[in-house]
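This briefing covers one protein chain, grouped by topic. The model and its sequence come first, followed by the notes.

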Amino acid sequence: MKLVVQVKLLPTPMQAEALKATLRACNEAATWVSRIAFEEGVYRNFALRRHTYESVKQRWGLGAQAAQHVIKKTCDAYATLRANLRAGRYGRPGSKHYRRAAGKPLTFGSEGGQPYDDRMLSWRVEQSTVSIWTVAGRVKGLAFTGAVEQLVTLAQYRQGESDLLHRDGMWFLNVTCEVPEVEPNADPVDFLGIDLGIVNIATTSDGQIMAGRQLNRVRVRERTLRQKLQRKNTASAKRRLKKRRRKEARRAKDINHKIAKSVVAEAERTGRGIALEDLTGIRERVRLRKPQRATLHSWSFHQLGEFIAYKARRVGVPVVHVNPAYTSRTCAECGHVNKANRVSQSRFACRSCGFVDHADRNGSRNIRARGMELWRRGAQSTAPAVPRPRGTTGRKRGITASDATLCKPGALIPGS
């Protein structure tokens, strides 16, 4: 399976200037390629090369490999936009948001990520240095650092491309690693049901509750602080906003990683599979009052599900996604379904048999039972493949985390 290892670069001021100039040139070239693609209606990699390859090399001084990656990056960005528009993430066709996203070429930020392959990047893992191509020439002896586990994975399993990133004044390389998979457990003794929520981030059918009170308080505090700083709109307020950006997201990501690690370790230890709710589209289905919308849209259930899925796949634990309908209203003891069974957010009391339990634990038991039933019917593990970083030039690829920094919403391919 493919994993992405992030290492931090430690460039000297001169090396940092060379890296910054490289990102600036590559992203300016990508914006120009995007405009040509939009005007000519050409969005496929090899076809777009015929229109832009020589100009990109000569005008911005890029090497052959860098020019090819710039063109492919542009094609991938349009493919991602097309998928988002089809999925309705910019509203319905014809809406203001949709027209704004589809009505002009994509543009790339000056510090957007840039892919590198082995012809442009050489690793010296033992010395913790890399040699990297820049528009100012080859930069050798560029130091990097990372956690011990990351460096071990990098040394043993590195394969494919890497993304150069500049974020919050720091430089990173996102490295693709091909890690061998464990043979999946085809005969789990049972399933561990996981109920996902906002008040309680995750509740297992064993009764373990991962409360979200602290995280939710942090989110409210950060949101309130952002509003105050935005209203103030001074230079110091903007500096503070920039310093605090993504802090809430990093905290949520760290908590989700810890929860996923704990859940998968327990399932592996006991020889069980994992049953998760399929919450796809819940934000579109639910209608809430305005004060509650920010809470719903900051709920990172999808990220937690992805973390559980890829960690489970790495150790061979099967994962199934079940229909969540009525799991909060169904009695885990007698199966009676009634809206009145859910007395409050935390309390469940069956109107038929009198069974009383924590509402989230009762729901997780129902999820566990549905997971077992699906498995008995022959359902396969639905743990998805880890999003695949950029492959070799000309091949299809998955979406990596760095894609979010590559471009702004722009144009939909006409006629697509």
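Thr 204 is a buried residue, since its relative accessibility is 4% and the cut-off for burial is under 20%. The model is a predicted one.

**Surroundings of Thr 204**

- Thr 204 belongs to strand β9, which spans residues 200-204.
- Beyond the neighbours within four places in sequence, the contacts of Thr 204 are Leu 192, Gly 193, Ile 194, Met 210, Arg 361 and Ser 364.
- Ala 275 is 71 residues from Thr 204 in sequence, and the two C-alpha atoms are 9.7 Å apart.

**The chain as a whole**

- The chain has 416 residues, of which 44% are buried.
- Its secondary structure consists of 12 helices and 14 strands.
- Of the contacts with a separation of 6 or more, 67% are between residues 24 or more positions apart.
- The accessible surface is about 22,000 Å², and carbon and sulfur atoms account for 50% of that area.

**Salt bridges**

- The structure contains 15 salt bridges.
- One of them pairs Glu 181 with Arg 313, with 2.7 Å between the closest N and O atoms.
- Glu 181 sits in the loop between β7 (170-178) and β8 (191-196), while Arg 313 is part of helix α11 (residues 301-315), so this pair ties together parts 132 residues apart in sequence.
- Glu 181 has a relative accessible area of 42% and is therefore partly exposed.
- Another salt bridge joins the side chains of Glu 333 and Arg 365, at 2.8 Å from N to O.
- Because Glu 333 is in the loop between β12 (319-322) and β13 (347-349) and Arg 365 is in helix α12 (residues 359-376), the pair links parts that are 32 residues apart in sequence.
- Both partners are partly exposed: Glu 333 has a relative accessible area of 47%, and Arg 365 has a relative accessibility of 22%.
- Arg 377 and Glu 373 also form a salt bridge, with the closest N and O atoms 3.2 Å apart.
- In this pair, Arg 377 is exposed at 65% relative accessibility, whereas Glu 373 is partly exposed with a relative accessible area of 34%.

**Positive patch**

- A patch of positive charge on the surface is made up of Arg 221, Lys 232, Arg 240, Lys 243, Lys 247, Arg 250 and Arg 251.
- Helices α6 (213-232), α7 (235-244) and α8 (247-270) are the elements that each give two or more residues to the patch.
- Helix α8 supplies the largest share, three residues.
- Lys 247 is a residue of helix α8.
- The relative accessible area of Lys 247 is 32%, so Lys 247 counts as partly exposed; the patch cut-off is over 30%.

How values were computed. Residues are numbered from 1 along each chain as its sequence is written. This is a predicted model: local features need pLDDT of at least 70, side-chain atom pairs count only at pLDDT 80 or more; totals for chains, interfaces and linings use all residues. Side-chain values use heavy atoms; hydrogens and water are left out. Patches are made of residues with over 30% relative accessible area and no salt bridge: like charges are joined within 9 Å, nonpolar side chains (Val, Leu, Ile, Met, Phe, Trp, Tyr) within 5 Å. Accessible areas come from the Shrake-Rupley method with a 1.4 Å probe; for residues, only the protein chains shown count as cover. A salt bridge is a side-chain nitrogen of Lys or Arg within 4 Å of a carboxyl oxygen of Asp or Glu. Lys and Arg count as positive and Asp and Glu as negative; His and the chain ends are not counted. The place of a charge is taken as NZ of Lys, CZ of Arg, CG of Asp or CD of Glu. Helices (H or I, at least four residues) and strands (E, at least two) are DSSP runs, numbered from the N terminus. Buried means under 20% relative accessible area, exposed over 50%, partly exposed in between (1.4 Å probe, protein chains only). Contact means heavy atoms within 4.5 Å.
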